[in-house]
Protein chains: 2
Amino acid sequence: MVYVIKVGGNVIDNPELLQAFLKDFAAIPGKKILIHGGGKIATRIGDKLGIVSNYVDGRRITDAETIDVVTMVYGGLVNKQLVAKLQANGCNAIGITGADANIIPAVKRPVKTIDYGFVGDVDAGKVNGGPLQAMLEAGLTPVFAPLTHDGQGQMLNTNADTIASALAIALSAHYPVRLIYCFEKKGVLKDAADDNAVINLINREIYQQLLEEKILTAGILPKLENAFAAIESGVKEVLIGHAEDVIRNTTPSVAGTLIR
Amino acid sequence: MVYVIKVGGNVIDNPELLQAFLKDFAAIPGKKILIHGGGKIATRIGDKLGIVSNYVDGRRITDAETIDVVTMVYGGLVNKQLVAKLQANGCNAIGITGADANIIPAVKRPVKTIDYGFVGDVDAGKVNGGPLQAMLEAGLTPVFAPLTHDGQGQMLNTNADTIASALAIALSAHYPVRLIYCFEKKGVLKDAADDNAVINLINREIYQQLLEEKILTAGILPKLENAFAAIESGVKEVLIGHAEDVIRNTTPSVAGTLIR
């Protein structure tokens with residue numbers, strides 16, 4: 001089994017949560033990959049550098065100055081600090097982006113009504129799994145910053161959930177893969193007001209039912225769509241929940257929401 | 001032959017020189033490694049972030065804020081832009097630091113009279129050549145930022161010349177290695193006032209003679225000491241000179257200064 005684990009900004013931004021997460025992550029035996037979000041530090045550093053963030057419909061536009069900031073903050077500061085800390089925890093991490101070894105070639109998002117700027121769209125079918133597989137077989141743990149490139153010299157900002165699902169799909173040709181999304185909730189909730197109302201298992205049938213009953217919040221829908229897309233492309237299972245629950249239990253478990 | 005090539009800030013900071021350099025570098029056939037310096041951009045970004053650089057005897061002190069800046073600028077911005085541009089030139093680059101895959105474990109420089117801060121001293125004998133060799137054999141071109149780590153979670157700032165020589169030494173156990181230092185002069189000069197007075201070949205005997213005649217400038221001495229240390233540890237030859245001269249001629253050549 002290969003574990004492809006995405007950890008979000010809420011953990012990256014919190015030193016105590018992060019320390020606990022990295023210890024748990026390092027303790028997972030066997031082959032694993034970490035994909036990290038950026039956290040708020042890119043915005044903080046961008047602000048200090050006098051770069052104004054532009055948003056359209058709540059989504060940040062990645063202009064020329066912003067892609068430089070996220071390249072240095074996600075690809076440098078956050079990524080290398082994670083690597084150094086994982087090394088200290090006995091995990092032989094190697095920190096990279098989708099540009100490195102051309103693992104994730106991407107396409108700059110075409111401009112329709114909105115120009116998102118230097119944002120990369122990924123086609124999971126074009127991921128180069130070879131170098132990734134070689135790293136895993138050599139006992140290394142790849143740690144991905146949420147960045148790709150266009151093959152013409154330009155770095156691109158890319159959603160970390162998407163990268164995680166693309167890597168999981170690419171690896172599923174060679175290994176059974178569990179894709180794990182760590183996020184701020186304990187799992188997919190039956191009742192948005194009750195943090196403990198975790199749905200333990202979702203399959204296509206249950207998902208349809210949940211959609212019909214309009215039980216799911218808008219925020220969770222893209223994650224579930226991503227999850228089912230991964231499963232339909234060969235990923236064995238997807239687990240969504242709190243880092244501490246879904247990382248510690250690496251055997252099939254009831255913690256978090258399991259999607260099959 | 002493996003080419004271990006160090007390129008300094010004078011090329012990194014100049015878009016035209018850099019573009020020409022990367023094209024020439026990508027065209028070198030076979031196994032190669034690039035080590036890059038940082039250039040002035042770290043100072044520029046540090047200044048914008050309101051971080052005051054402290055110098056002792058002309059050497060920058062790497063305090064806690066400065067190590068974060070160099071980690072993001074060298075390890076993120078500069079490193080990934082080089083990788084993306086090399087990929088665009090058909091070179092399958094992978095950008096890393098000495099912390100990644102624990103290739104270059106280092107020791108924080110002990111405080112004697114001066115506390116240099118988060119600066120890493122490297123013992124070439126402790127370099128882990130295995131992952132590097134695996135990358136080279138897989139057709140990848142490692143691109144190193146001048147950073148290492150202490151194995152306890154802390155990134156460290158490390159001289160790029162030193163990293164280049166340590167990597168060259170580690171690889172010389174498995175391959176014939178040519179170590180190339182690209183710098184702002186055409187080579188080691190017989191006469192500091194004449195940029196064309198390049199000494200084509202230096203061996204130990206000639207070096208002793210040059211030292212006795214006090215012909216060499218203070219700036220070149222550490223480079224030559226580094227070069228001879230590399231050769232005495234198994235590196236086949238060291239070439240020092242202008243990027244355009246020493247990169248294009250990958251067969252033994254008269255361009256630059258050859259040290260044997």
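Close-up 1. Helices are DSSP runs of H or I with at least four residues, numbered from the N terminus. Axes are lines fitted to C-alpha atoms, for helices over the stretch in contact, and angles run from 0 to 180 degrees between N-to-C directions. In this predicted model, local features need pLDDT of at least 70, side-chain atom pairs count only at pLDDT 80 or more, and totals for chains, interfaces and linings use all residues. Side-chain values use heavy atoms, without hydrogens or water. The axes of α6 (residues 160-171) and α8 (residues 221-232) of chain A come within 10 Å and cross at roughly 10 degrees. That makes α6(A) roughly parallel to α8(A) (angles under 35 degrees). On α6(A), A:Asp161, A:Thr162, A:Ser165 and A:Ile169 take part in the contact (heavy atoms within 4.5 Å). Their partners on α8(A) are A:Lys223, A:Asn226, A:Ala229 and A:Ala230.

**Close-up 2. Charges over rings in chain B.** A charge sits over a ring if NZ of Lys or CZ of Arg is within 6 Å of the ring centre and within 35 degrees of the ring normal. The charged end of B:Lys108 sits over the ring of B:Phe118, 5.3 Å from its centre. B:Arg204 has its charged end over the ring of B:Phe228, 4.6 Å from the centre.

Notes: Residues numbered from 1 in each chain as written. Chains lettered and ligands numbered in written order. Helix = DSSP H or I, 4+ residues; strand = E, 2+ residues; numbered from the N terminus. Parallel < 35°, antiparallel > 145°, perpendicular 65-115°, else oblique.
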